[in-house]
Amino acid sequence: MAIRNVRIMGDEVLTKRCKEVTIMTPRIKTLIDDMIDTMYEANGVGLAACQVGVLKRIVVIDTTGDELYVLINPEIVATDGEQEGYEGCLSVPDKSGWVKRPNYVKVKALDENLKPFELEGEGLLARAILHECEHLDGHLYVEHVNGGVNGLVNNDQLREEEDE
Ligand code: ZN
């Protein structure tokens, strides 16, 4: 287990397009394990590889605390509906902003064995998938915040919102 250093907004690596993963290597397996450890350690609900300084199209997501998804080369294939809510990012520490997103998303990706699968998400899961996929193209949620980025909203509050 290794915790990696999370890059903070202003770091160039967060503005770059990440590259497709074409082969699985021990190094990439370790990267994924470290990303998972880093996400949980930071109490985040998702993390993209570029956030730990690696320009590969890999994201890890867990919005409930016990439902872990590893998405390699994810591709959004459908979205529907609308949701609004506070969003945060481990690369923008102690901040949150009000972001409008689709309420449903369907994503195509590869798993850790590079086997294709599809994942559908609603609510917070949809939000996390969309947020993380944006990272892979060098974008941050703050680019489409309504009303400015403000104080801290923690993940427990995000989860509570989800339950309402
Ligand atoms: Zn983020």
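Predicted model: local features only at pLDDT ≥ 70, side-chain atom pairs only at ≥ 80, totals over all residues.
Helix α1 lies across β1, β2 and β3, and runs at about 35 degrees to β2. Its buried residues include Ile-28, Leu-31, Ile-32, Met-35 and Met-39; Asp-34 and Asp-37 are buried as well. Among the elements covering the buried residues of α1 are β1 (46–48), β2 (58–61) and β3 (69–80). Just after the helix, Asn-43 adopts a positive phi of about 60 degrees.

The strands that α1 lies across belong to an open sheet of five strands, ordered β1-β2-β3-β6-β7 with antiparallel pairing. At the edges stand β1 and β7 (116–122), each with a single partner strand, so one side of each has no neighbour in the sheet. From one strand to the next, the twist averages 35 degrees. Strand β6 (residues 104–110) is joined to β7 by seven bridges, and the two run antiparallel. Across this pairing, Lys-108 stands opposite Glu-118 in β7.

Next comes the packing of nonpolar side chains. The largest nonpolar core holds 20 residues, and those touching the most other members are Val-59, Ile-61, Leu-71, Leu-119 and Ile-129. Two or more residues each come from β2, β3, β6 and α2 (124–136), with α2 giving the largest share, seven residues. A second, separate core has 15 residues, including Ile-28, Met-35, Val-60 and Ile-72. The contacts of Val-59, leaving aside neighbours within four places in sequence, include Met-35, Leu-47, Leu-71, Glu-132 and Leu-136.

Finally, which aromatic rings come together? The count comes to one aromatic pair. The ring centres of Tyr-86 and Trp-98 lie 5.0 Å apart with their planes at 80 degrees; because angles over 60 degrees count as edge-to-face, the pair is classed that way. Tyr-86 sits in strand β4 (residues 83–89) and Trp-98 in strand β5 (residues 92–101), so the pair ties together parts that are 12 residues apart in sequence. Both partners are partly exposed: Tyr-86 has a relative accessible area of 29%, and Trp-98 has a relative accessibility of 30%.

Conventions:
Residues numbered from 1 in each chain as written. Heavy atoms only, no water. Buried < 20%, exposed > 50% of the residue type's maximum accessible area, 1.4 Å probe, protein only. Helix = DSSP H or I, 4+ residues; strand = E, 2+ residues; numbered from the N terminus. Contact = heavy atoms within 4.5 Å. Phe/Tyr/Trp six-rings, centres within 6.5 Å; stacked < 30°, edge-to-face > 60°. Pairing = 2+ DSSP bridges. Axes fitted to C-alpha atoms, helices over the stretch in contact; angles between N-to-C directions. Core = buried A, V, L, I, M, F, W, Y, C linked by side-chain atoms within 4.5 Å.
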